[in-house]
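Please look through the structure below with its pockets, its cores and its charged pairs in mind. The paragraphs that follow take these topics in turn.

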Amino acid sequence: MFNVERLRALHAVAAHGSVALAASALHVTPSGVSQQLAKLEREAGHQLLEQHGRGVRLTAGGHVLSKHASEILSRMSEAQSDLDGLSEEILGPLRIGSISTVLRAVVPGALSALHRRHPRLEVTLREGEAEETLPALVGRDLDLAVLESWDRLPAQLPAEVSYRRLCTDTADVALPEQHRLAHRTSVSLHELADTPWVSWATGTACHEWLVQTLRAQEFEPRITCNVAGYPTQLELVGANLAAALVPRLARDSVPSGVAVVRTRPVLQRQVLAVWRTDSERPAIRACVDALATVTEQQTLVAPQENQ
């Protein structure tokens, strides 16, 4: 009979690609993972890992056992979900990853309400975009991920997850008040071909979305500022340095010197709560309900018509 924790160690190495990353995900030392794998090899009677460059890779036997380990861990998670469902009390750990806009505008209120109803629920929270949180969710390092899916750049959800749409959000263009189009009620994006832009870091989904959106208007955006966080981007717009595309959920306030204008075409995203289908349990359902309630209370206000 195989030891479950040793199977978990093998599954983590297969999911993360190295002993060090597996150890970090399991919150143990690399030597601890190596010891578990050595014992698992003796139990299995097969070599499971082999040297590959400066790291390791799974052998044929490792791949076979890793596939079974994944299925076993999934069934164990389902069993725990079924057992949790027998109790009305919602408790235990719940690990959440969220995009920054929802983390700022929705998550605090949702977690506050959740804590009042279920004080024994132990929530941990981390900020991250879908390219970070989805792999962590699939790898069982997170229980729930809140992410965005833009019309022009939809999120690629793995087959093993379920999701609930929390809201539809719209992005408007933030322009310096001195900009020649800042007085308009709406603006066609192709009219901004000569305008500098502020974007997120190169390589992020937010940056890729902005670039693809503006390229669809048949111009290459001139990005002069790469800054994470919409509040800072809006400050740069107010300083007459660039324009920005900013979702309404991200605008709890607009600094002086900034005009917010509707865009043509309309730019929209879906905000999704995502979890592993085999791990759905009362704590996850309660958290998703709390997030949905707070999101519904948000007023995603369109910009006022400029005179």
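The lining of the largest pocket comprises 32 residues, and those nearest its centre are R8, R95, R140, D143 and R276. This is a predicted model, in which local features need pLDDT of at least 70 and side-chain atom pairs count only at pLDDT 80 or more, while totals for chains, interfaces and linings use all residues. Residues are numbered from 1 along each chain as its sequence is written, and side-chain values use heavy atoms, with hydrogens and water left out. A pocket here is an open set of points on a 1 Å grid over the protein atoms alone, where a 1.4 Å probe fits and protein lies on both sides within 12 Å along at least five of seven lines; lining residues have an atom within 4 Å of a point. Helix α4 (60–84) gives the lining its largest share, eight residues.

Two of the residues nearest the pocket centre, R95 and D143, also belong with R281 to a network of salt bridges, a salt bridge being a side-chain nitrogen of Lys or Arg within 4 Å of a carboxyl oxygen of Asp or Glu. R276, likewise among the residues nearest that centre, forms a salt bridge with D278 at 3.8 Å, N to O, and both partners are buried, that is, under 20% relative accessible area with a 1.4 Å probe and protein chains only, where over 50% is exposed and anything in between partly exposed.

The structure holds 19 salt bridges. In one of them R251 meets D172, with the closest N and O atoms 3.1 Å apart; R251 lies in the loop between β10 (244–247) and β11 (258–264) and D172 in strand β6, so the pair ties together parts that are 79 residues apart in sequence. R251 counts as buried because its relative accessibility is 15%, and D172 does so at 1%. Helices (H or I, at least four residues) and strands (E, at least two) are DSSP runs, numbered from the N terminus.

Turning to the nonpolar side chains, the largest nonpolar core has 38 residues, with V102, L144, L147, C287 and L291 making the most contacts inside it; such a core is a set of buried Ala, Val, Leu, Ile, Met, Phe, Trp, Tyr and Cys residues joined through side-chain atoms within 4.5 Å. Its largest share, nine residues, comes from α10. Not counting residues up to four places away in sequence, L291 touches V106, V107, A110, L144, V146 and L166, where contact means heavy atoms within 4.5 Å.
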